[in-house]
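I opened this notebook to record, step by step, what I looked up in one protein model. The entries follow the order in which I went through it.

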Amino acid sequence: MIEMTLREIAEIVGGTLHDVGDPAVKVTGTVEFDSRRIESGDLFLALPGANVDGHEFARGAVESGAVAVLAARPVGVPAIVVEPRGPNAENRSYVLAHDSDGSGASVLAALSALARAGVDRLAEAGLTVVGVTGSAGKTSTKDLLGRVLAPLGAVVAPPGSFNNELGHPWTALRAGADSKFLVLELSARGPGHIRALCEIAPPRVGVVLNVGTAHLGEFGGREAIAQAKGELVESLPPSGVAVLNADDPRVAAMAGRTRARVVTFGQAADADVRATGIVVDSDARARFTLHANGSQADVRLAVHGEHQISNALAAAAVALECGADLATAVAALEGATIDSAHRMDVRTRSDGVTVVDDSYNANPDSMRAALKALVSMSRAGGTPAAQRGRRSWAVLGEMAELGDDSVVEHDRIGRLAVRLDVDRLVVVGTTRPAHALHQGAVMEGSWGAESVLVPDIESAISLLDNEIEAGDVVLVKASNSARLWQVAQHVLTSGPDREASASESMEAAG
């Protein structure tokens, strides 16, 4: 965040100063809504939560070093107070779900205004805002963008998936005078959401990855999802760049909805940035030749999954548009990893058990991609199942927010697991969609014991502890609400390394 006085901030957000001795005192840090993370010079954001009200922590935040509090009422310490706006039933953010009096809406609106003011000032000094949206792959692409843009200057990007009404301005306010790029995810659960996020931090580069089935239940169909995702390119200025997936017809059609120059990526022959000669190895890592601007270069990705090719092409297209040469972009891609937690995080125990933790989120598109990656890893580059020597396990939970299509989509994923020849399917949950996932597998392959439905995480862990063998490959995937990352963490840390450590500890104690 650029330095601002309390007087400046109050003017920007339309607030009044309370208990402020000197309005010229500056916020030299950033904005933080967690009082435990406050550092000297920060501005504390008082928001209502599920069980507590941030206003109750205002004094402690100031004692920890906050210059002041952005609040909806006086709190007895230096504060910029904005008037409550009344409950806002249309806003779907987690914070406002617990906003009974509108105080959260007023503070969030003030936060957005502050972020917009900061971004506008930094844009005048050369900051480039890059927005990324799509039904799948936003976070992975955001992480790749952070790596490919880094050689060109300092990059600010959100940790994890901070892509809503709170995380978006919170991330934007992390940009400072030395920031060259601000990379932002834009998520939508309804029409107008992406347009509103673009108002907070107007992008100059907009990337649309795909139009899939994430949040299908809330939108009602892919055309409605495409309409919402396209709000990003509609928000770009004539001097901007729309980076569109040539392999997705709904995304490619967005070229007619923007004033910006269009750059395409994909495997299509007419894509501006494209991949040919794709080969996926036994670790589900892709190699391909990248073509752009009349040149080409071989790329070997370190990230896992064939679906990462499209994400990498999008990141490369942005980097090239921002001034990188092809060699620099390729080198950055080859060294890139996914920094966000629980997203195709592949690790192997000392006994050869490989755990693929992709448990942060799930929708039908990302579930299909993860299952294909699992099979690729277990088949060691295409060896027939009977000879591959590695069993594949898919530990799957419910995919949320699919609405009326939920049962059908879960059934399809169960059937796909059979068609891909996954060895063991463990479905975790007691809901109707979970039952549909398991039943789909049973009906497709008459598997019997190959597909197991367990009620909870503890049952899944117990089954895996008893049946996993050295060399197995275990995929763990579900929507974040299922919390299946606990399964991945347990499997990764419960192997022979842990047993050896326990044995060594006992010997030392003896």
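**Entry 1, ground rules.** I noted that this is a predicted model, in which local features need pLDDT of at least 70 and side-chain atom pairs count only at pLDDT 80 or more, while totals for chains, interfaces and linings use all residues. I also wrote down that residues are numbered from 1 along each chain as its sequence is written, and that side-chain values use heavy atoms, with hydrogens and water left out.

I found 18 helices and 22 strands, taken as DSSP runs numbered from the N terminus (helices H or I, at least four residues; strands E, at least two). Of the 510 residues, 54% count as buried, where buried means under 20% relative accessible area, exposed over 50% and partly exposed in between, with a 1.4 Å probe and protein chains only.

Leaving aside neighbours within four places in sequence, Ile9 is in contact (heavy atoms within 4.5 Å) with Met1, Met4, Val27, Leu43, Ile80 and Leu114.

How do the axes of H14 and H15 cross? I read that the axes of helix H14 (residues 406-419) and helix H15 (residues 432-445) come within 7 Å and cross at roughly 40°, the axes being lines fitted to C-alpha atoms over the stretch in contact, with angles from 0 to 180 degrees between N-to-C directions. H14 and H15 are therefore oblique to each other, since angles under 35 degrees count as roughly parallel, over 145 as roughly antiparallel, 65 to 115 as roughly perpendicular and the rest as oblique.

Gln308, found in helix H11 (residues 308-321), counts as buried because its relative accessibility is 1%. Among the residues in contact with Gln308, beyond four places in sequence, I listed Ser140, Leu144 and Leu301. Gly134 lies in the loop between strand S8 (128-133) and helix H4 (138-149), and Gly134 is buried, with a relative accessible area of 0%. Not counting residues up to four places away in sequence, Gly134 touches Leu209, Asn210 and Lys229.
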